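Look over the two chains before reading on. This report walks through them part by part.

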Amino acid sequence: MLSAICNARPTHNTGVANMDDLLSEFLTETNENLDTVDAELVRFEKDPTDKAVLDNIFRLVHTVKGTCGFLGLPRLESVAHASENVLGKFRDGELKVSTQAVSLILKSIDAIKIILAELEANEAEPEGDDKELIDKLNEVASGKIVDAAPARAEEHKPETVKSEAKAPVAESKPAPQPETSGTFADGEKKIDPVLNRELLPGEVSMEELEAAFNAAPGPDEDKAPAPVAESPAEPVPAVAVTAVADDHSDEEEAAPSPPKAGKQAQNTDTAAKNSDTSIANQSVRVTVDLLEDLMTMVSELVLTRNQLMQIVRDQEDSKFKVPLQRLNLVTTELQEGVMKTRMQPIGNAWQKLPRIVRDLSHELGKKIELKMLGADTELDRQVLEMIKDPLTHMIRNSADHGLEQPKKRLAAGKPELGTIKLNAYHEGGHVIIQISDDGAGLNIERIKQKAIASGLATEADLEEMSDQQIGNFIFKAGFSTAETITSVSGRGVGMDVVRSNIEKIGGTVDVRTNPGKGSVFTVKIPLTLAIVSALVVESYGERFAIPQISVIELVRASDNSEHKIEELKSSPVLRLRDQLLPLVYLSDVLRMKRKSPAGLSANETPEMGAQTQRGKDDYVVVTQVGDFRFGIVVERVFDTEEIVVKPVAPILRHISVFSGNTILGDGSVIMILDPNGIANMYGNGAIDPDEAGAEAVSSEFAEEKTSLLIFKAGDDTPKAVPLSLIARLEELDVSCVESSNGRDVIQYRGQLMPLVRMSDTHQLRTEGRQQMLVFADETRTMGLAVDSIVDIVEDSLKIELTSDITGVAGTAVIAGRATEIIDVSHYLVAAFPDWFEESRKSRVKRPRSVLLIDDSPFFRNMLAPVLGTAGYKVTAVENADQALALREGGALFDVIVSDIQMPGMSGFELASMIKADQRWQKTPIVAISAHGTPEDFERGRSVGFSDYVVKMDRGALLRSLSETLSVYGEAV
Amino acid sequence: MKSCLVVDDSRVIRKVARQILEDLSFETFEAVDGQEALNICRTKMPDAILLDWNMPVMNGIDFLRHLRSEKGGMSPVVVFCTTENDIKHITEAIQAGANEYIMKPFDREIIETKFLEVGLV
């Protein structure tokens, strides 16, 4: 009744005309299947008893194998076959599911992917074979290496496999003639005469197959004993089955069901299925290109619509009003509809993650659970593509750096199983993706050290930063805190790439960390890139669009408003809620010159025009790029508008400040600014520490910031004094000022306090309230009369001109103005000639010599007399090199007082050098620093400082010196 | 014009089969699994069915058993078309009521030969 079985040769003559079409269909289908397999296998490994999952995997691999034959893809087919074989054994319970076996199957799936990629690129299978991998799979299938160590990944990369001919048999074995028997002497390899190829393990020859088919009982013969032992003949084929694919296992379980019940179940099943089918039939597959084109056309339509609207807006009673309104509505709906076609659930970008986490957990020896929430959150496929890699990297990072080893977790009272949670949701026009782990949190201390070591920040900077700000350093280039570099992450390229990739699509990334509890990375990305909301601004008569996502706020700045643009070191800044915001003039960024400024006389140059124009009435667009916040100064701000982003023409593409262009409603073409590009350009101006090289870093040290009080007294020149020296600011009625012994005094807190004037010519107020700075010691206070307190600023105290005027240490540029730095010690002595006498009591018999190293002339000038009056012989130098030069010259000191932050060699380094050399080895060193944290003290001690004193604390320094010297005693 | 239903979960294979069958002047329908195939059969019983074994929702063998138990379900010629080529599977297929059994990959020649043998062409 049944005739011969035929089989196609694995060739290309499937009788199908369009092979390319078929191949691309195959690639799409197979890639989809494989992504599912990855995820399913991870699930399967967790629960090897889940038969439904296993069936699913088996079927998918099987389909791949089955389809390969049609396209003549022998290499792909053999890999798929080998792994299907193992899966089949799992399914039939012949093989125990082991991690190694699953790993091997995952590897074979990787191999398949590599071949597919090659196929996609070249439309042909790559050379070589996957013999090693297949052999391993076969060994597993035959139960030989169930628990053997997992094979190394490299062995399975098809590229590294020794290149053999496509038909491996022909090369490795003497080619058998088709007419001879298909069995070899060694019995291992058989060539099927019909197939004309080597049989795969578990495959039977065509002859045998045919024989079996003939021998098998047909439906009409089923009463006869079946020749094949294990098949129980069942007369009634109808059985009740559920919708779950169950394969042939139902032989045992479902056989005796009465046909009627079966039918009933079937009917209800069918009803449910019918609706499914109709849905399936309603969907159409189209190429992405088609959708892209559609989107472009819709964008054009949106622009034309905007243009029309603009024209009609100006005409009161246009006939076009009503139809245009309809056009408007329809266009909006069309736009939304087309946007929807580009939307894909974010879960598509997550598909590979379970597999990655699974591999990581094995590699790192950690137990990791990946939770994914909001996988159906949709976003533009273009955006989706671009966040895939950053997300993957962040997951790797969380697994590698975030989660601790199981032992550590248990010790910390946490469950052994670490959790990484991915959560996606919509918020406004954005998609928020959070990647959180319950690991150790960021190691803030290590980040600090690393930030200092790589010159991204100074200790002083870090002191003022919150943990969150410090955490954000991980997004800086070349930043990796991993103590050991693993193969997983920690190669130093990472989070900075993540950040730049996310910023490329107009997104932001942020980290919050909770020591011991974990970290949360929050990625915020726009729903789509094609249409964005943008702020339209004007500079020099030209309009520009700034993407809304980077705009934080708008500030109007003019000379007579509370916000005024000021100059700091010749850079414009805006004081905004006690923060200095660096500014860039858009006209400077674009190097635009005013054409013919209205209201300017003809003989004024455009530059002058720009100068006079500035500060009059400007708008500051406060922009944030990463953790860098700055303001873009523009002249006018229009409105926010939904704009269609068009790529920048190739000729302009190298200009990083533009991210695209668009057409406005009135038909004009304007450029879209890229705040990222502007920030980079601006950063090169050496204000952003991000971009500044090593040189800028060393100057950073020189420009150690000090809080300064700016005041005026006597004349118009601003004067400054370090804020830390001042005890209080006071204001008293002038009538309270009394005269005693030819000096002004006031009763202050129950004591008489001398009131000193800036100079002999300086007059107190004649009436009203007199402002004064109060300087205090343990027992005494002194007031310095000033006319007005101007401001408190943070600036570098870099004395550029030394002064001959008594009471003035020198002149420095503070907040962009030449400012006199007050020599406080002068006034202290003026008030109390014996101010420093107190310390003199502790004066030792012979004058001790002190080497003072400080880069700041102000502090040298300040401390030298303090130490001098206390009875020390002071030698002051401005850097470590000079100090070491003194050592070379044979100088000896009783004690060394050194600053920590200095350009070139830091205090810490100097101390190490001193301690490493015999000559000054025993000389105690006291560190002075503007900032003193316990960590600094610790570090100071560890490198050999005897003591650590905060710079402004004069008393503490003197105490420290006398203590240090008494401890070291006469040893020196 | 005779009709043929192609039951396979792979789009590629359905496409290949459709081209061959249409070339042989068959009116061709497609189904992605046994359940869908069954639904189609209930509305219009085809003359021939090209049937895959491993499919989601309902596999080929279960479909066949259901089909043969239904009214008019004995009439279509069912050609099993799969990579499952061991004796156990073949026996099972025949017992479930398969008329023919061909192995993947197939080509025009094979289908034509088979259909000739069962008197469809």
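## Ground rules

Two strands count as paired if DSSP finds at least two bridges between them. Helices (H or I, at least four residues) and strands (E, at least two) are DSSP runs, numbered from the N terminus.

This is a predicted model, where local features need pLDDT of at least 70, side-chain atom pairs count only at pLDDT 80 or more, and totals for chains, interfaces and linings use all residues. Residues are numbered from 1 along each chain as its sequence is written, chains are lettered from A and ligands numbered from 1 in the order in which they are written, and side-chain values use heavy atoms, with hydrogens and water left out.

## Chain B: the overall plan

Chain B holds five helices and five strands. Read from the N terminus, its elements go β-α-β-α-β-α-β-α-β-α. Of its 121 residues, 69% are buried. Buried means under 20% relative accessible area, exposed over 50%, and partly exposed in between (1.4 Å probe, protein chains only).

Contact means heavy atoms within 4.5 Å. Take the contacts in chain B between residues at least 6 apart in sequence: 61% of them join residues at least 24 apart.

## Chain B: the sheet and its helices

The five strands of chain B make an open sheet with parallel pairing, in the order S2-S1-S3-S4-S5. Strands S2 (26–31) and S5 (100–103) of chain B are at the edges with a single partner strand each, so one side of each has no neighbour in the sheet. On average, neighbouring strands of this sheet are turned by 20° against each other, direction ignored. Axes here are lines fitted to C-alpha atoms, for helices over the stretch in contact, and angles run from 0 to 180 degrees between N-to-C directions.

Four bridges link S4(B) (residues 77–82) to S5(B) in the parallel sense. Thr82(B) has Met103(B) in S5(B) as its bridge partner. Helix H3(B) (residues 60–69) packs on the sheet and touches S3 and S4 of chain B. The direction of H3(B) makes about 175° with that of S4(B). Helix H1(B) (residues 11–23) lies across S1 (2–7), S2 and S3 (48–51) of chain B, at about 165° to S2(B).

## Chain A: a helix pair

Chain A has 972 residues, and 48% of them count as buried. Its secondary structure comes to 30 helices and 37 strands.

The axes of H3(A) (residues 74–91) and H4(A) (residues 99–122) come within 10 Å and cross at roughly 160°. That makes the two helices roughly antiparallel. By angle, under 35 degrees counts as roughly parallel, over 145 as roughly antiparallel, 65 to 115 as roughly perpendicular and the rest as oblique. Residues making the contact include Val79(A), Ser83(A) and Phe90(A) of H3(A), and Ile105(A), Ile112(A) and Leu119(A) of H4(A).

Leu95(A) sits in the loop between H3 and H4 of chain A. Is Leu95(A) buried or exposed? Leu95(A) is buried, with a relative accessible area of 8%. Not counting residues up to four places away in sequence, Leu95(A) touches several residues, including Val86(A), Phe90(A) and Val140(A). Leu95(A) and Val140(A) are 45 residues apart in sequence, yet their C-alpha atoms are 8.4 Å apart in space.

## Chain A: a covered strand

How many residues of S7(A) (residues 430–437) are buried? Eight of its eight residues are. In a regular strand the side chains alternate between the two faces of the sheet. Both faces of S7(A) are covered: one side has His430(A), Ile432(A), Gln434(A) and Ser436(A), and the other has Val431(A), Ile433(A), Ile435(A) and Asp437(A).

S7(A) pairs antiparallel with S6(A) (residues 418–427) over eight bridges. Here Asn423(A) stands opposite Gln434(A). Eight bridges also join S7(A) to S9(A) (residues 518–526), again antiparallel. In that pair, Val431(A) stands opposite Ile525(A).

## Chain A: one face of a helix

H19(A) (residues 495–504) has these buried residues: Met495(A), Asp496(A), Val498(A), Arg499(A), Ile502(A) and Glu503(A). Seen down the axis of H19(A), they fall within an arc of 160°, so they line one face of the helix. The arc is that of the directions from the helix axis to the C-beta atoms. Just after H19(A), Gly506(A) takes a positive phi of about 75°.
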